[in-house]
Amino acid sequence: MAYLKIQNITKKFGGFTALNNVSFELEKGEFLCLLGPSGCGKTTLLRIIAGLEEPDSGNIFLNGKDITNLHPSSRNFGIVFQSYALFPNMTAYENLAFALKNKKNSKGDIKKRIENLLNLVNLTPVKHKYPSQLSGGEQQRVALARALALNPDFLLLDEPLSALDAKVRNRLRIEIRETQEKLNITTIMVTHDQEEALTIADRIVVMNEGRIMQIDTPQAVYEFPANPFVADFIGEINFIEKNSIINAIRPENIHIGQNGGIEATLRHKEFRGAFYRLTLSLKENNQLIKVDIPSSRKIILPENGEKLFIEFPIEKLINYKSEETSNIKKFSL
Amino acid sequence: MKFFNFKRKKFAKDSPIQKTLIIIFLLFLFISILLPLNSLFIKAFHDKEGYFVGLGNFKHYFSNPSLFQSLKNTIFISTATTLIAVFLAFIYSYSLSRINIRWKTFFKYIALVPLFAPTMLHGISLVYLFGNKGIFTTLGLNIDLYGAVGIIISEIIYTFPQAYLILLVALEMTDYRLYEAAQTLGAGRIKQFFRVTLPSVKYGLISAVFVCFTLSFTDFGAPKVVGGDFNVLATDIYKQIVGQQNFSMGAVVGIILLVPAIASFIVDRITTKKQSTFLSSKSVPYQLKTKPADSFFFIFCIIISLAIIIFLLVAIFASLVKIWPYNLHLTFSHYNFKTVSSSGIKPYINSIIISSISAAIGTILIFISAYLIEKSKTFKVARQITYLFSIIPLALPGLVIGISYILFFNKTSFNIFGINVPNIFNFLYGTAAIIILANIIHFYSVPFLTSNTALKKIDCEFENVSYTMSVPVYKTFFKVTMPLSITAIMENFMYLFVNSMTTVSAVIFLYTSKLKLASVAVIHMEEGGSIASAAAMAVLIVLTNIIIRIFYEIILRKIRRKTDAWQKR
Amino acid sequence: MNKIKSLMHTKLITLPIIKLIALITSVVLIFTAFIVSSCTTNTTGKTKEINVYTAIEEEHLEPYLSSFKAQYPDITVNITRDSTGIITAKLLAEKDNPQADVIWGLAATSLLVMDQQGMLEGYNPKGIENIYPEFKDSKNNPVHWVGIDAWMTAFTVNTVETQAKGIDIPKSYNDLIKPEYKGFVVMPNPASSGTGFLTVSAILQLKGEQAGWEYLDKLHENIAIYTHSGSKPAKMAGAGEYPIGISFGYKGLLVKSEGAPVEVIFPLEGSGWDLEANALIKKDKIKKEAKLFLDWAISDTPMKEYNKNYAIICSKSVKATVPEGFPSEPIKQLIKNDFNWAAANRENILKEWSSRYDSKSEPKS
């Protein structure tokens, strides 16, 4: 039986449908990411799971029990908000204690529990500092520790890393996942960053315009995007239309042939560190195609305007029906 | 537990207490603002005997040359005051924000002193300086004080700090990059002033102009003391209501007083919105550089500060001289109010009690209502209406509140569609509560907006965090929201206290013989010709306000030391 | 199953119910405190409380009232004091719902106006026989009003200023309209001040209506300011702000006794005057304390107090002494004053006066 089950959730704001019949399940200890562009309904869904918003219809089950109508305080979860929502007038320690003091715990128990939590997120040295005196990463960890303070059944993370710079974000990503694994706590994280979702999650729920586009493991979502939206949203992709069949292929899967294959002209090339990104136009119909060439391959690249030949390996082609791509914006220079 | 069982609590909706409180506040403001105003408007369209006369009263007003003259007089006074006060305040705040001059802290504080005084004090000082036996008059400088000149000077002193505060904020909120750009384009100092400085404080200037105009248009204290026979609307309303008990005509004048106040209110709403969008987060504060003409600005600030200090000192002097100008021995005998009034020192004590209660209750009510409006989730329409009600008092002159309150609370019953409904609020009439209520409503909006701004800066997820941690919302309110807003709360208390001490306009109609207030006593003693005693009472009001303000600064400094650790600034 | 969980959650929520109740109580307390604070002033007096409206000088109330308080310690007297015009207007405005129980020391002219509107209740206070017949209501028995003392017009003239300006001290009403006094005279506005009204009424009675208004037109030329109260002109003359103040005898003499360089002049033609008088308000429930107050108000002890400030008192049983500065035979200084005429014409006189002199001022730019 699924540990947390989201069933047919629909939510409308006036005439706007934020969530349209959304369903999925989580196993105990699973880390799931809600991924999608802004306005896709992922944060609304998280707030409905938390009980901060009311769904128009649908149910949420925790361990088989319907918690749809419960007040947030009785759902027993922890949450980290995008802003962290740390109490600025309390030190890291006091922020953790605020929740614990309210439950009838003994002083010794509270102290021990806080020390444990601070240890867990490596904050013991700064426990008596106020949030404004902490770095962004430290604040984020206080928020995480506070969310875990009451031994929640599950954890909700709302874009927890979006306010941090790239280096810190990468490090904290690992820390969050390690902590989650250590506690084996069921976790739902909302993010709009596909790289973050791919690296941290057990499974990803890709959402668009209030609907679920695909639910799968990161690898499957990347390699076998269920529809053009997912293909386009996650990673780079080329769409090539032929006889009302759309073929999609990732730039790194296109080979440059010495001669033979499809003829194209190099329009632009840029160095991206690990690879070169080439932009070609097909001779046949002038469609623009992105191709990635690993820089380690050390081949001699043609100059802009020169002719070259490319190959689409058949096993890497993903086929869609043409109408599915109508709402996908075509790549252009 | 049964209490909460009748309805299951779902989701993160507000608790029943929160909902009830929102409705209570809505009703509270409806009853204490809209119903009295309604009475005022009804009265204006009925004659003395209570018959409906349509616009008859207005026709009578505009056809009566002496009444119409008051309107013209008032417009003249307000225009002159506004032009001069805004001009002076602009140079003053420009000196403090844009010029590298010495003694800035001194100048900043001294400009606030007139805020602590009832406007009668400025009038009294003027009499001693420029009256027929005034210090300057006997030295040969006769400015023909009684009438327009005296009123305008008093109003300038009264409105100067208000304009200065608005303009200082506007001038401090500027983007230095604009000046750098102007310099690279070769613009000189004067060109920079007209092309960069003036446009950037445009909204501040408009706001200052309207505030000064409204304040001088509706002020009552100064015209009473130095107006002589120069009638203005505020003294007219007093004569109509107090002297002739002609409430219909009083209501008409009240509605005329509302016109500039409402215009100013609308302009203020528009400009604050525009002003806030003017600055981007990348703006660079103005960099001060020493320039050759700086000494001009320094001397200007010295002159203004001296004028303010002189007005205060002359009032103190006036309260101490035995018989001006014939016996210049100093004496405290004028502080023995028993000789001129049977109530003696009691009005002063009443004022302190009433102001403290008004400030305490007002601060709590206003903060809770601002919290409910800003942080609740349900009853969106009710909250929006409550918000609107909360800023209406910005447009209500004290005299209008005073008359509306008499008209509304003195009624024993109302006739609604032919049905006689008893007025359950009638019992408030003639009590301390109605004065406290009038003070709170009169000065409601500024503390409300201060609280609102403070609460807006607080993360809206705090309530959600407490839901998820099963911490009751009231606990978060007391442990987090209140401590974070403590400076705003203290500022509001101070604001309500000082204004309740100095105001005369609303309470002049509402005080009772048992509950006379210090500011009303100043008016009465001045009316009776006991100008030295009136000065003494006015001095007591100023000194009390200054002392309380000093205490406030000390406490604030202590709190700041504590909160600096967690407040980013 | 759902329901059970929901109920459990309600229990969770209600755990801090004591604190919630504490919050509610504190909010309720604030509101009740608010309301109670308003009620206390409203309900302090059980039945032994009377509302007294008066125009007696502020500084006299305390010494006058001390003997009443000593005699009736259990009666609370709420005093509403203002200038004559204002108290009159207030009483008239409250005609349908009278707040006052007793009027004490208000101009007889004003009381007659109220009597014409049927607002006064007849009552013969104890000792009524001691009051001179011309100083009490002669038309009704029991009387509708009783005088306690009389006050009269006098000029307060600052001698330092008259000397400096090289002008003579005016001795009569006719002196006052001399052009040399232009801008030097202050007088009270008759609409708000009893002294102002009795002065205007005296002039109209002395000279006849037409000549009276002509005189007032000329006087208006010399007036610098019309003041709100009757005492302010004396005070202003005392301070030299304006050299001549038309006021009443007592106030001028007070200013003089305080040390200001003034002379108090009782005009040659005679002084306008009025009585400070008492009356009982007609209302549904007339308190017996109100009658006790009226009895006391014409008894000997307060009469002696009145006499300290006013040369003429209305009771025969106290031998009146003339305070220093008053004419030695004060009654002779009084003009012949027809109260009924003054009362009947009060409204018209004030209307005429306002239309002639109220709109005097123009903006001086």
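Here are some notes on the predicted model, point by point.

1. Ground rules. This is a predicted model, in which local features need pLDDT of at least 70 and side-chain atom pairs count only at pLDDT 80 or more, while totals for chains, interfaces and linings use all residues; side-chain values use heavy atoms, with hydrogens and water left out. Residues are numbered from 1 along each chain as its sequence is written, with chains lettered from A and ligands numbered from 1 in the order in which they are written.

2. Domains in chain A. The bounds come from an automatic or database domain assignment. For chain A that assignment gives domain 1 (4-223) and domain 2 (236-325). Their C-alpha centres lie 39 Å apart.

3. Domains in chain B. Here domain 1 is made of 16-38 + 345-569, and domain 2 of 64-277 + 289-333. The two C-alpha centres in chain B are 25 Å apart. The contact (heavy atoms within 4.5 Å) takes 36 residues from domain 1 of chain B and 35 residues from domain 2 of chain B.

4. The five-stranded sheet. Chain A has an open sheet of five strands in the order β13-β17-β14-β15-β16, with antiparallel pairing. Strands (E, at least two residues) and helices (H or I, at least four) are DSSP runs, numbered from the N terminus, and two strands pair if DSSP finds at least two bridges between them. β13 (255-257) and β16 (288-294) of chain A stand at the edges with a single partner strand each, so one side of each has no neighbour in the sheet. From one strand to the next, the twist averages 50°; axes are lines fitted to C-alpha atoms, for helices over the stretch in contact, and angles run from 0 to 180 degrees between N-to-C directions.

5. Strands β14 (residues 262-271) and β15 (residues 275-282) of chain A run antiparallel and are joined by seven bridges. If you want a pair to click on, Thr265(A) has Ser281(A) as its bridge partner in β15(A).

6. The four-stranded sheet. Chain A also holds an open sheet of four strands, ordered β2-β1-β4-β5 with antiparallel pairing. Its edge strands are β2 (16-26) and β5 (65-66) of chain A, each pairing on one side only. Two bridges join the antiparallel strands β4 (residues 57-62) of chain A and β5(A), and Phe61(A) has Asp66(A) as its bridge partner in β5(A). Helix α1 (residues 42-50) of chain A packs on this sheet, where it touches β1 (4-13), β2 and β4 of chain A, and its direction makes about 120° with that of β1(A).

7. Cavities, and the largest one. Rolling a probe the size of a water molecule over the atoms shows where empty space is left. On a 1 Å grid over the protein atoms alone, a cavity is a set of points where a 1.4 Å probe fits but cannot get out, and lining residues have an atom within 4 Å of a point.

8. Among the residues lining it are Val113(B), His122(B), Ile157(B) and Phe311(B). α6 (119-130) and α15 (294-320) of chain B are the elements that give two or more residues, and α15(B) gives the largest share, three residues. This lining has eight nonpolar, one polar and no charged residues.

9. Backbone spots to check. Most residues other than glycine have a negative phi, and most peptide bonds are trans. The bond from Trp324(B) to Pro325(B) is cis, with omega near -5°; Pro325(B) is found in the loop between β1 (321-323) and β2 (327-330) of chain B. The bond from Asn141(C) to Pro142(C) is also cis, with omega near 0°, and Pro142(C) is in the loop between β4 (120-121) and β5 (146-158) of chain C. Asn122(A), not a glycine, has a positive phi of about 60° and lies in the loop between α3 (107-120) and α4 of chain A.

Key
1 Å grid on protein atoms, 1.4 Å probe; cavity = no way out; pocket = protein on both sides within 12 Å on 5 of 7 lines; lining within 4 Å. Nonpolar A, V, L, I, M, F, W, Y, C, P; charged D, E, K, R; others polar.
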